[in-house]
Amino acid sequence: MSKSTRPTIKAAIAGATGYAGRELISMLARHSQIELVGAFASRNTEAQPLAAIHPSLTGQTSLHCEPFDEAAVARLKPDVIFLATPNEFSMEVAPAMLETGAMVIDISGAYRLQDVSLYPRFYGFEHQHPELVKQAVYGLTEFARPQLKGAKLIANPGCYVTSILVPLTPLMNLIDAAQPIICDAKSGVTGAGKSPNAATHFVEVSESLKSYKLLYHQHTPEIAQGLGIANTLDKLIFTPHLLPISRGIFSTIYVRLKNGVTKQDVYAAWQQAFADAPCVRIFNGPQMPEIKFAAHTPFCDIGCVVDAASNQAVILSAEDNLLKGAASQALQNANVAFGFDEKDGVL
Ligand SMILES: NC(=O)c1ccc[n+]([C@@H]2O[C@H](COP(=O)([O-])OP(=O)(O)OC[C@H]3O[C@@H](n4cnc5c(N)ncnc54)[C@H](OP(=O)(O)O)[C@@H]3O)[C@@H](O)[C@H]2O)c1
């Protein structure tokens, strides 16, 4: 059915010139019940057609991207505002965006950590709106559907975090809690956004593989929060790496299962958790998840092997950092929050 024959809500997006913003605009263009009415970049930019900024959007939208301005966003009377902007900017503007009466879905990390005392250490700033953090719904869609309905502020999860929480969350009762959880994760370079820097430009990244932010990446406390082990952060070892590809995340997760827990138990827990989850695909061998199956799709692909003698489980997951790790999950969240088909615009 076309947008004209179904009730339609209005969306605005800040961060429209960025990578996550581009993906979101592309998906909104094919959504049957959400109309994108406003697109914004930094405050000091010139207005330009979106298709001039992102040629891949040619023919998908005639909208212009405007310099960000709170009053201009408010005048559009959007029902939902997506913030695909840097952490500090999202933190600052979320209150004004909520005052417009819109639902706000923030793709940055600004409203994800319930313990706001962690922001200076992991994000480099003091949180200015701790009261709003308490109200934010953490939007890992597959586990948040009841809370998403009617939410005002949704904190979209981190890209690495999604690739780890999707497979691990249903398994927490099966895991030996005394043993460490080791997450070895690798991301394509779009994970760092569109602005090149000395660590991410082609020559530095090409034909190499490097770790970064060892032991202090901002997604470490978010993973611990999601797994309910924030008080035993030392049990979690998360190591991100930069892959010399443009998009995709691959995570290898090492956990020890409790005595007697089998590989069949792991898959049964996943089947139950994801029975109605259109964006999670379970691989049960011999084919296991790979970035090339998940890149450019909204899926998180998961698989597992278990050594019965040692109870060691190796869990694999793959996703597109810009989609399930950012924009498509944000749209899944909007769909659930407004009562639309979760797959609309997404799949
Ligand atoms: N990339 C990923 O894989 C990924 C995954 C999950 C979450 N995220 C998060 O999503 C957000 C966007 O990421 P991205 O990769 O799309 O970043 P990006 O490509 O660097 O784009 C950033 C966007 O924010 C805008 N912006 C920058 N500073 C601004 C300011 N002071 N005021 C208003 N707008 C401003 C930029 O506009 P201009 O063009 O005018 O500078 C641009 O549209 C970030 O918080 C990031 O951490 C990213």
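This is a predicted model: local features need pLDDT of at least 70, side-chain atom pairs count only at pLDDT 80 or more; totals for chains, interfaces and linings use all residues.
Because nine of the eleven residues of α1 are buried, the helix is largely enclosed by the rest of the structure.

Now show the ligand and the 31 residues around it, of which Gly18, Ala41, Ser42, Ser108 and Gly193 come nearest. Two elements, α1 (19-29) and α4 (87-99), each give two or more residues to this shell, and the largest share, three residues, comes from α1. If you colour the shell by class, you will find 13 nonpolar, 16 polar and two charged residues.

Next, give each domain its own colour, taking residues 3-156 together with 326-338 as domain 1, and residues 160-319 as domain 2. The centres of the two domains, taken over C-alpha atoms, are 25 Å apart. Their contact takes 16 residues from domain 1 and 19 residues from domain 2. On the side of domain 1 that touches domain 2, the elements to select are α5 (119-123), α7 (141-148) and α13 (327-338), each of which gives two or more residues. By class, the side of domain 1 that touches domain 2 has seven nonpolar, six polar and three charged residues.

**The nonpolar core**

Hide the surface and turn to the largest nonpolar core, which has 96 residues; Ile13, Leu24, Ile81, Phe82 and Ala94 touch the most other members. Helix α8 (residues 159-168) gives the most to this core, with seven residues, and the core draws at least three residues from each of domain 1 and domain 2.

Centre the view on Ala94 for a closer look at its surroundings. Leaving aside residues up to four places away in sequence, Ala94 touches Leu83, Val104, Asp106, Ala110, Tyr111, His129, Leu132 and Leu153.

Then select α8 itself, and ask how many of its residues are buried. Ten of the ten are, so α8 is largely enclosed by the rest of the structure; among them are Cys159, Tyr160, Val161, Ile164 and Leu168.

**The whole protein**

Finally, zoom out and show the protein as a cartoon, in which there are 13 helices and 15 strands. Along its principal axes the C-alpha trace spans about 65 × 45 × 40 Å. The radius of gyration is 20 Å, which agrees with the value near 20 Å that a compact globule of 347 residues would have. Of these 347 residues, 47% count as buried. If you display contacts between residues at least 6 apart in sequence, 70% of them join residues at least 24 apart.

Key:
Residues are numbered from 1 along each chain as its sequence is written. A residue is near a molecule or strand if its C-beta atom, placed from the backbone, lies within 6 Å of it. Helices (H or I, at least four residues) and strands (E, at least two) are DSSP runs, numbered from the N terminus. Ala, Val, Leu, Ile, Met, Phe, Trp, Tyr, Cys and Pro count as nonpolar, Asp, Glu, Lys and Arg as charged, and the others, Gly among them, as polar. Domain bounds come from an automatic or database domain assignment. Two residues are in contact if their C-beta atoms, placed from the backbone, lie within 7 Å. A nonpolar core is a set of buried Ala, Val, Leu, Ile, Met, Phe, Trp, Tyr and Cys residues joined through C-beta atoms within 7 Å. A residue is buried if 20 or more other C-beta atoms lie within 10 Å of its own, exposed if 12 or fewer, and partly exposed in between; C-beta atoms are placed from the backbone. The radius of gyration is taken over C-alpha atoms; the globule rule is 2.2 Å times the number of residues to the power 0.38.
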